[in-house]
Each structure stands twice: as structure tokens, then as C-alpha cells.
Amino acid sequence: MAKYLVIVESPAKVKTIKKFLGKNYEVTASNGHVRDLPKSRMGIDFENDFEPKYITIRGKGEILAKLRKEVKKADKIYLATDPDREGEAISWHLLQALKLEDQADGKKVCRISFNEITKNAVKASLKEPRQIDMNLVNAQQARRVLDRMVGYTISPVLWEKVKRGLSAGRVQSAALRIIADRENEISAFIPEEYWTVEAKFQVSGARKKLEAKFYGTKESRIKIENEQQANQIIDEVKASGCEVYEVKKSERVKKAPNPFTTSTLQQEAAKTLNFSTQKTMRIAQQLYEGVDIKGSGVIGIITYLRTDSVRVSQEAQAQAREYILEKYGSEYAQSSAAPGKKSGRIQDAHEAIRPTNIALTPTEAKESLSRDQFRLYQLIWKRFTASRMSAAKYETASVKIAAGQYVFTVSASRIAFDGFLSVYMSEEDEKGEDNAFLKSIDKNTKLKLSDACGTQHFTQPAAHYTEASLVKTMEELGIGRPSTYAPTITTLLARHYVLKENKNLYMTELGEAVNTIMKEAFTTIVDEKFTANMEMLLDDVEEGSVNWKVLVSNFYPDLEEAVKHAEDNLEKVQIAEEVSDVVCEECGRNMVVKYGPHGRFLACPGFPDCRNTKPYLEKIGVACPKCGKDVVIRKTKKGRRFYGCEDGPECDFMSWQKPSEKKCPKCGGYMVEKGSKLVCADKQCGYLCEKEAGEEAAG
């Protein structure tokens, strides 16, 4: 009998695929990449048309030796690595490392790929062998070479200027810039006061009072800016009669959501399951590669997890329709699959993320899965099932109540037909609007004002990025691809450029220093439009319309020029170690300011004889508003910067914004810096002035 060899990437797939194919097939794994650029040097031959100099990855020699033995015994070899650029490149590297390129004609060596690890999908791929797609390989090579050039040319500049071993990355630095810009926006934000007015009306014949919100007049909406304006409106309303001015009843349709892409899965898992992007991808990988399902053995229960397409195969759509008809009825089955809304350049080679078998419900799979596997599978199963179901329908009612010249509004909605909501309901859907008895109100309904009151509010700055919202922004801007979102965020956190606290991402002092250099010296690299355009050019390489070496050769001269300019002109961004006035209590030397992964700290210059270190408390030249001692820059346990008293914790003063010496002329409290302005720290006071004017007054 013929002997066939199937080479996959991950050892986790070997047992599963071997079971599908039988005894004539040997299945083994490459354990990911077997060749890469060397870590010790650039690894690119600039004199020879930017040719990469690949070497065998350390530790992969034994794996390659084993693969060579298996290759000799095989009549035919199937390269079955993942169905994306990276997987295609791994197959190509295997072809080179195993010296199979002369036989890669489809007869002896061929490439197969499958979007899900199921018996049908794997066997079907064997019937459609092909040659390696060099456009895909070249797109991966271009990305790898570009990233290497950016990392290995800019990192030494950061090392020199910040005096520590830092690094930069093409996608990573653009993402850091996005977070930094949001932090600056939040820091400069000045809250504005506004008020809302709510009224309660007694409805004739009803026990429960109707609560309505102030809108304005019949002609236009009115914004209430202060308490005086709010009280004036309340007084006028109380002195006026009230009546039902307008009633509108209608039906609203809410379409089923699209099935998950990599980005939307990461966002939803972060919101509903509190998973990091890295955790989501790790667990999804387990579900894709195969889990031991009771009664079925080891099978992959979701499709490939790196995709930006919402496309679903005809076969999967038919299975979903059959399942929905059986379990829910014909009115719940979508009449035809609505095409997903596309944004930017979608790589449509893969389907959306979906269960490989919709009949395997989360309930049936639960005892075979870990808690986190179950929760993620349930999320994917519900979202996909909902995406093939009918739209939900709501009955809506909107009532306008006139009180003198002013108008109050109240609205409600009721689910008339739950459709896809019977399977998948978001937080927004669950909230709803509870004013059930609105349907009985018409223009003849008698009302009487029961009470009216005003509430003070302040406008809020844009929210700090979370992992989920950063992924969404990166996708919208076209920065990175499904495979890079999670690794990019993981790298920013690992290098301490960004820290995560209560889901929010904050810049560290180190991240600010790196971003400052990148913005000043490498404007193009951190520019979101440039980064997005580079992704589009990589897509063009994948489609075969752009030569990858032309792309690289056009990029490198500008990078080289920027590096030379930075080396000559960036001394002012350097963060130097300095001698402090703090004396080391162990040896009597003056301690020096050092710069570590988490920011600055004090260390004894007598190292290694004296290893004493202390937190570095940088004074900002402002007296503590509570006790009069110096205000210093402090850090939370995770590294987020704030301002506190040097006598803490005895003195509990703290502020997220930098305090000013200037006292508020209105209330006497302390003021904080907000961009170019000084703002009273007491929101109720709300006094603000230009920073320069405040500094002159303080002087």
C-alpha cells in the first residue's frame, strides 16, 4: 500500500487528523516555523536585492531530521499547515529545509489546506491538492522583512537615547501612538456642566407615575447649561398645565448580527467574558485544533480563528437552516443569508468563525470542555446560530408631553417577535425600555404634573482604551491584521510601554518616552495612515499585483535616512541617570536615578557591593494642598502615574492630573493642569483659566 505523509504545524492536530485518515497516512508536526531570520543580526542582504538570509531555528534541527526520515519513506507528501500567509510560508520553508522544491509539482509534494479540522474537511482537502501559493509566501516574507528592518534599525536608536534596551515595531509603534494620543486627549479634557430635568406625571386611571425627560420646545431641543436655567424651566413647568402633545406608535426591526471575525470575537469575549485578547486566541486555538468530545473523540469544534471575513459556506448555511427549522420553527429561520457588511479590504479566503457542527450545542459539549473553553464555545455557537436567524421585531411607542412652552418625551419598546434574540442577546438588548403602559396613552389621556427636578452633570472625556476597543480601532484604521492584534497588545504590555488596570490601558513613563522619540524621529512609522497603506500594499503582494522586493526597496531608503537623522539630532529626548540628594542609608553614597522597565528608581552607585534601591519620588515644585509638604510623582502597583504627597500614606492627598501652585480665585481650592488650561479640582466650582495667566497670577 502507498504511504502518505501529512505535515501539520501543531502537534495538537496530529492525533485528530491521523484518526480521520487511517493507517496509510503518517501525520507529524513541524511545531510552527522551522526557519527564520537570525536573531543576532539583521539577516537581510541589502546588496542582493534585500534577499532574506534564513537559518534553521535553534532547537528545530531534531524535528527536521525526523521529518527527513519520514519523507524518505513516503510516496507522497502533503504540506497541511494553517490556511493563511503564515501557514503558506511555513510550508514553503519546509519545502526548502527538506530539499523538496524539485518535487513540488503536485505529484510527490503538494499543499493542502482546510478551514476546519473535521473528517469531511480534511478528506476533501486531499482531493484538491495544489502547489504552494508564492504570492501568499511573498506577502509573509515582505511583512517579516519590513518588521525586521524597522525593529533592528530603530531599536538601537531607542537604546542609545533612552539608555536602556528598548524596541520598536511597525504595527506596535502605531498602536502605541493611538493609546498615547487618547491619553493626551483625556488629560487635556475640560468638563463642561450641563443639567437634565425629569418630570413625573400622574396618568388618569393609572397607579404608576409616568417619568419623562425634558426635550425643549416644540420647535427645537434645548441644552440646559446651569442650575439657574434648570430652575427657571422647572418653575415655568410647575405653573403650566400639561397635555399629551403627540403619540407615535411604530414597529422597529433589528437584524441578526454577523458571525464572528477575529476582531469581533476578541471584542465580545473581552466585554462579556472578561478575556484578554491573548486568552481569547489561546482558547480559540484549542477549540480549532481539537478537543476530546464525549462520543465523538478528538475533533475541531470551531473553524479557523484568524479571519476578517463574515462569509459562511453554503454547506454550513444549509446545516444551520435545518437545525433552526427543527429546533425553533420556520418563522425563526432566515429566508436568505444576508451578506455581511464589509469595511476596508477583507481577506475572504476564510469563513467567519463558527462551530464546525451546529448540532453540537454548548450544553452537549459542556462536560467535555474546560470552563473557559465552554464559555468561549457557547459565545461562538450562539453568535453563529443567531446570525442565521430571523430579525427581531419591536413595537415602539413615543409620547411627547407639552407643559406650557416646553416638551417632555418618554418612549418604550416591547419585543413583538424575538427572532435571533431567542438565542443571542447583547447587554443593550437586555436593558430595553420599561414603560409598558404607554400603549394605552393617546392624545385624550388626562395628565397632571406630580413633580419635576433637575440633576447636574458634567461632560466626560473619551474613555481610556481597553484591549477590546483598541482592537476595534486598529481594525477600523486598517492597522495590523487578525493575526497581529493580540500579539501587538501582548508586546506593548510585556515591554511595559502600556499597563492594564481594571481593563483600561494606560501609558507608562517608559511608553511616553518611546512614543516621544518615535513621533519626533520616525513620524512615518507611527502614522496610522502610512501603516494602514502598508497593510494594503501587503494585500497587493498577496494578490500578485505588487512585487514584494519592490515594496521593501521603496521603504528602506526613507527608514535609513530617518535613523541617521535621529542618531544626530535626538539628544534632547535622552533620559539620563542623575545624582540625587538622597543618601544611601547603607553606605552613605548619594543615590542615582536609574531607568528600569517600570520607570525611574533610586539605586546606590556602589553596585554590586551595595544593592540598595528605593522608589524615585520626583518633586514637581508644588506644595501639598492638605499638609504643605512637597507633591511628588507616584505610581500605582501596576505602574500608572499619579500625584501624591511625599508624606503618604500619612497624608492621603492624590490627583491623577498635575496640581498647580495657583489657587482657585473662586473657591480657594487647588487647581490642576488640563492641556493649556488650569481647572479647579472641585467640579462643583468649575473655574478655569489659561495656564499662562494662572502662572503669572501665582508669580
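Two strands are said to pair if DSSP finds at least two bridges between them, and the elements named below are DSSP runs numbered from the N terminus, with helices (H or I) of at least four residues and strands (E) of at least two. The model is a predicted one, in which local features need pLDDT of at least 70 and side-chain atom pairs count only at pLDDT 80 or more, while totals for chains, interfaces and linings use all residues. Residues are numbered from 1 along each chain as its sequence is written, and side-chain values use heavy atoms, with hydrogens and water left out.

**A hairpin**

Strand E27, residues 659-663, pairs with strand E28, residues 670-674, in the antiparallel sense over 2 bridges. The two strands form a hairpin with 6 residues between them, and in the turn Gly668 has a positive phi of about 85 degrees. Lys663 stands opposite Tyr670, which belongs to E28.

**Two packed helices**

Helix H6 (residues 170-188) packs against helix H15 (residues 485-494) at an angle of about 70 degrees, and their axes are 10 Å apart; axes are lines fitted to C-alpha atoms, for helices over the stretch in contact, and angles run from 0 to 180 degrees between N-to-C directions. H6 is therefore roughly perpendicular to H15, a term that covers angles of 65 to 115 degrees. Val171, Gln172, Ala175, Leu176 and Ile179 in H6 meet Thr488, Thr491 and Leu492 in H15, where contact means heavy atoms within 4.5 Å.

Lys13 lies in helix H1, residues 11-21, and Gln285 lies in helix H9, residues 277-289. Both are listed here with their relative accessible areas, buried meaning under 20% (1.4 Å probe, protein chains only).

| Residue | Relative accessible area |
|---|---|
| Lys13 | 1% |
| Gln285 | 15% |

Not counting residues up to four places away in sequence, Lys13 touches Val8, Asp82, Ile117, Tyr288 and Glu289. Lys13 and Thr28 are 15 residues apart in sequence, and their C-alpha atoms are 8.8 Å apart in space. Gln285, with its neighbours within four places in sequence left aside, is in contact with Leu305 and Arg306. The C-alpha atoms of Gln285 and Ala12 are separated by 9.8 Å, although these residues are 273 residues apart along the chain.

**The buried side of H4**

In helix H4, residues 119-126, the residues Ala121, Val122, Ser125 and Leu126 are buried. They cover an arc of only 140 degrees around the axis, which puts them on the same side of H4; the arc is that of the directions from the helix axis to the C-beta atoms. What covers these buried residues includes H1, strand E2 (25-29) and strand E7 (76-79).

Key: Angles under 35 degrees count as roughly parallel, over 145 as roughly antiparallel, 65 to 115 as roughly perpendicular and the rest as oblique. Buried means under 20% relative accessible area, exposed over 50%, partly exposed in between (1.4 Å probe, protein chains only).
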